[in-house]
Amino acid sequence: MSGRVGDLSKEQEDSLHKFKEKVKDVIKPTHDDHYLLRWLRARNFDVNKSETMLRNHFAWRTREKVDNVHEWECPEVIQKYFTGGLFGYDVDGCPVWIDPFGQIDMKGMLKSAKKADVIRAKVHLLENLHKETFKDLSRQKGKTIDSLIILYDLAKLGMKHLYKPGVDAYCEMITMFEDHYPETLKYAIVINAPRFFPIAYNIVKPFLSEATARKTIILGTNYQDTLYRYISPEELPACYGGKHTDPGGDPTCKSKIGQGGDVPKSYYKQQMFSTEIENAVTASVGRGSSLQVECDVPVQNSAIRWQFSTNGYDIGFGVYRRTKDTRQKANEMEEVLPTQRVNSHLVPEDGSFTCTEVGMYILRFDNTYSWARSKKILYLVEILEPDTEDFTNPNTSQASFKVKQIS
């Protein structure tokens, strides 16, 4: 049984009755069986867990003033440079959100807007979806519409998308979506997934419920046949083999679907930054000296991700790979990323690198040019090992995943 209205087993009907009794002090007359069953399905009809989830949701709505979110003014940079938009319907009449996520500049976004505003923009979208879009479609079609398909286009996804504050913000969005808008996702269809994608997917996968993971369909560049089983070409932009263009002929339909792009630096608000980095290691680099942070990479195509800041002054930074099993000077090692002086005292520095070879990699903080001052540094370095799961096979098991922090 699907667990939806009109398709309930005897046990599910009993659970619904018990659930109504337990939460009758907080629900409103508008919270019908369709609404209540979303929370039950999200917790596999465990009444106690569903009650906890719903009560936490109402507490969150009060704390975050969600009922007043429509009075909130979304920052211009989010309106202009966040990706995605509602476009067309699936074969069952449910709305489709198309998101060219590979084109988003999360680093620029978070330099220009508060993380809280980025997340609140998603809350605003989801509130509109439930209170307006779903209700209007349900009236038009004479049946309940309460879920959507999200189509993620990952063309142009790259290592820059491993920017840790951006990843953290996205994971918070996923948690918010899972905790407060359960059963809203019908399917997530990922297209143009690059070879790099397993690393990125494994970062967010721990934040997905089992149900959401099962609803995720991951495709490469030959996606059309599978995609058209869920969404007809009649409902898609021309860039995906569909029939629609903007009035000017634009095949991406950017008048309805935000295309992202690099955020202009004119939006940047440097005063918003803090030199504090969560879980950072504190170290001192003496005057005229350097600090080597060792990263042992035993798995090919792992990624090293770093974030650091300095107190008061700049510092040199580069990445190397040892050619011997003993400590080496910079000029004795293989240069991976050349050393450059960075203004990490003004804006926290971050980056990542894919290790096509195994070995001992060195993140080198260079203060050899400064004979007058030592430098205090806060750094976070992680190794992200790729998963060997075959993402084109929907029957594969859950992936194993390692994020190893270097101290």
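## Before you start

Because this is a predicted model, local features need pLDDT of at least 70 and side-chain atom pairs count only at pLDDT 80 or more, while totals for chains, interfaces and linings use all residues. Residues are numbered from 1 along each chain as its sequence is written, and side-chain values use heavy atoms, with hydrogens and water left out.

## The whole chain

Let us begin with the overall view. The chain has 10 helices and 14 strands; these are DSSP runs numbered from the N terminus, with helices being H or I of at least four residues and strands being E of at least two. Along the principal axes, the C-alpha atoms fill a box of roughly 75 × 50 × 45 Å.

Of the 407 residues in the chain, 50% are buried. Here buried means under 20% relative accessible area, exposed means over 50%, and partly exposed is in between, using a 1.4 Å probe and protein chains only. Among the contacts with a separation of 6 or more, 77% join residues 24 or more positions apart, where contact means heavy atoms within 4.5 Å.

## Helix α2 and its partner α3

Helix α2 covers residues 33-42 and is mostly covered, with 7 of its 10 residues buried. Those buried residues are Tyr-35, Leu-36, Leu-37, Arg-38, Trp-39, Leu-40 and Arg-41. Their cover includes α1 (10-23), α3, α6 (115-141) and α7.

Two packed helices are described by the angle between their axes and the distance between the axes. The axes of α2 and α3 (residues 47-63) come within 8 Å and cross at roughly 120°; axes are lines fitted to C-alpha atoms, for helices over the stretch in contact, and angles run from 0 to 180 degrees between N-to-C directions. α2 and α3 are therefore oblique to each other, since angles under 35 degrees count as roughly parallel, over 145 as roughly antiparallel, 65 to 115 as roughly perpendicular and the rest as oblique. On the α2 side the contact is made by Tyr-35, Leu-36, Trp-39, Leu-40 and Ala-42, and on the α3 side by Val-47, Ser-50, Met-53, Leu-54, His-57 and Phe-58. By class, this contact of α2 with α3 has 9 nonpolar, 2 polar and no charged residues. Ala, Val, Leu, Ile, Met, Phe, Trp, Tyr, Cys and Pro count as nonpolar, Asp, Glu, Lys and Arg as charged, and the others, Gly among them, as polar.

## Helix α7

Among the buried residues of α7 are Val-167, Cys-171, Met-176, Glu-178 and His-180.

α7 also packs on α3, at an angle of about 120° and with the axes 9 Å apart, so α3 and α7 are oblique to each other. Met-53, Asn-56, His-57 and Trp-60 in α3 meet Met-176, Glu-178, Asp-179 and His-180 in α7. The residues of this contact of α3 with α7 divide into 3 nonpolar, 3 polar and 2 charged.

## A residue on helix α6

Lys-131 lies in helix α6 and counts as partly exposed because its relative accessibility is 38%. Leaving aside neighbours within four places in sequence, Lys-131 is in contact with Arg-61 and Asp-67. The C-alpha atoms of Lys-131 and Gln-307, 176 residues apart along the chain, are separated by 40 Å.

## Stops along the loops

Two loop residues have a positive phi without being glycine. Lys-156, with a phi of about 80°, sits in the loop between β3 (148-153) and α7 and is exposed at 64% relative accessibility. Asn-192, with a phi near 55°, is in the loop between β4 (185-191) and α8 (197-204) and is buried at 16%.

Pro-233 is in the loop between α10 (224-230) and β6 (281-285) and is partly exposed at 21% relative accessibility. Not counting residues up to four places away in sequence, Pro-233 touches Tyr-228, Gly-241, Gly-242 and Lys-243. Its C-alpha atom is 9.9 Å from that of Gly-88, 145 residues away along the chain. Ala-372, in the loop between β12 (359-366) and β13 (375-385), is exposed with a relative accessible area of 59%.
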